[in-house]
Amino acid sequence: MISEGKPAMKHAARRVTAAMVAEHAGVSTATVSLVANGKSSGRVSKKNEERVREAIRELGYYVDSIGSSLAKGVSSLVILVAPDISNPFFAKVIAGVRSVLGNDYQLLLSVTDAGISPSAAETRRLLGLRPAGLLVHAPTQEFLDDLSGPLPLVALDAPQIDSAIPAVNMDVCQGAEDVVAHFAKLGHTKAAYLDASTGTDTLTVRREAFLAAAERYGIEVLPTSIDSCMIDVNVASQLFEQRWASWHANGVTALGCATDNHAFGVLHAARKLGIEIPAQLAVAGFDDLPYSATSNPGITSVRLNATEMGRQAALKLRRILDGGTPQELQSTLPSELMVRGSTDAKEHG
């Protein structure tokens with residue numbers, strides 16, 4: 001009996017079990033498990049599958065993955081640690097990972113702020129979920145040393161880490177070489193470089209490879225013609241506006257960008273300032289994002305196969321989770337320079 005003036009105590013909603021769903025649908029709990037875990041194909045009749053799915057909707061049933069992980073000591077979760085996924089590059093990485101994990105593992109994203117590298121302390125808190133393994137984009141060796149532990153881990157786009165750590169990298173050095181060679185072929189003798197301020201190894205390698213290639217090809221890149229900012233179109237646009245007068249005065253006619261997002265920012269500012277691309281300034285980037293080919297002008301870019309990187313990283317992780325060792329502990333994917341109108345007037349159409 002509830003006393004007057006006192007609020008009724010709210011009872012926690014009762015947990016819906018597989019047995020309750022089975023009783024509601026008139027099938028076995030094993031059938032419910034197959035349907036709920038996406039393993040019913042060829043094993044459960046269409047009629048029974050429909051009945052189970054209807055019962056699941058009506059009762060609000062869901063698989064208790066965390067509860068299962070407590071019983072087994074490990075979950076079916078794979079955690080991908082990545083920076084701001086508003087960048088289309090990471091959508092491709094995720095697609096590649098998902099193509100391998102399928103229904104056997106659930107992919108959980110841990111996203112840092114744009115331009116901020118993940119910290120080991122934050123990532124370590126995720127281990128309370130008892131994931132089966134980790135995929136980490138562009139970790140530094142310091143991050144990996146700090147995080148060190150028995151959990152299976154594969155790094156993506158981390159060219160300077162210990163060779164004993166499983167990883168999938170991309171040949172950004174060749175990409176930078178191809179950009180500079182392209183500039184030299186077009187007759188450019190002075191260039192600038194717009195870097196990203198994240199401090200990750202892959203971006204450092206891109207910049208250093210660009211500068212080394214420029215020296216070999218006789219293209220001058222003054223220290224004052226190197227700058228960096230967040231991987232953000234608007235920020236890159238603002239920085240270019242601030243730097244263009246100085247770069248132009250120093251004879252800069254070509255600009256290498258650490259990412260296509262930087263290149264988009266440059267094109268935006270160039271339109272505002274009345275700079276003719278590529279007549280006054282040739283612009284090239286990295287990543288070859290989905291809309292790089294369709295911008296006006298199209299952006300000359302180093303194509304890095306993000307989807308394949310995600311796929312290969314997930315394959316390495318699955319191999320480890322199955323108790324094996326990846327056939328190739330660290331692998332490197334080739335790059336390809338896609339020449340478009342931002343550097344070559346013949347391609348500007």
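1. Let's start with the rings: searching the whole structure turns up six aromatic pairs. Here, rings of Phe, Tyr and Trp (its six-membered ring) pair if their centres lie within 6.5 Å. F183, Y193 and F210 are joined by such ring pairs into a cluster.

2. A word on what you're looking at: this is a predicted model, where local features need pLDDT of at least 70, side-chain atom pairs count only at pLDDT 80 or more, and totals for chains, interfaces and linings use all residues. Residues are numbered from 1 along each chain as its sequence is written, and side-chain values use heavy atoms, with hydrogens and water left out.

3. On confidence, pLDDT is the predictor's own score for each residue, from 0 to 100. The chain has a mean of 88, with 90% of its residues at 70 or more. Residues 1–13 have pLDDT below 50, and beyond near neighbours in sequence this stretch has one contact (heavy atoms within 4.5 Å) in the model. Where pLDDT is low, the predicted coordinates should not be read in detail.

4. Now the inside. The largest nonpolar core has 48 residues, and F89, V93, L135, F183, F210 and M309 touch the most other members. A nonpolar core is a set of buried Ala, Val, Leu, Ile, Met, Phe, Trp, Tyr and Cys residues joined through side-chain atoms within 4.5 Å; buried means under 20% relative accessible area, with a 1.4 Å probe and protein chains only. Helix α5 (residues 88–101) gives the most to this core, seven residues. There is also a second, separate core of 22 residues, which includes C229, V252, A270 and V283.

5. S301 sits in strand β10 (residues 300–303) and is buried, with a relative accessible area of 0%. A polar atom of the S301 side chain lies 2.8 Å from the backbone nitrogen of D288. Not counting residues up to four places away in sequence, the contacts of S301 include D260, G285, E336 and R340.

6. Finally, the overall form. The chain has 12 helices and 12 strands (DSSP runs: H or I of at least four residues, E of at least two). Its radius of gyration, taken over C-alpha atoms, is 26 Å, whereas a compact globule of 349 residues would be near 20 Å (2.2 Å times the number of residues to the power 0.38). Of the 349 residues, 47% count as buried.

Methods
Buried means under 20% relative accessible area, exposed over 50%, partly exposed in between (1.4 Å probe, protein chains only). A polar contact is a pair of N or O atoms within 3.5 Å; within protein, one must be able to donate a hydrogen and the other to accept it, and residues adjacent in sequence count only if both atoms are side-chain atoms. Rings of Phe, Tyr and Trp (its six-membered ring) pair if their centres lie within 6.5 Å; planes under 30 degrees apart count as stacked, over 60 as edge-to-face and the rest as tilted.
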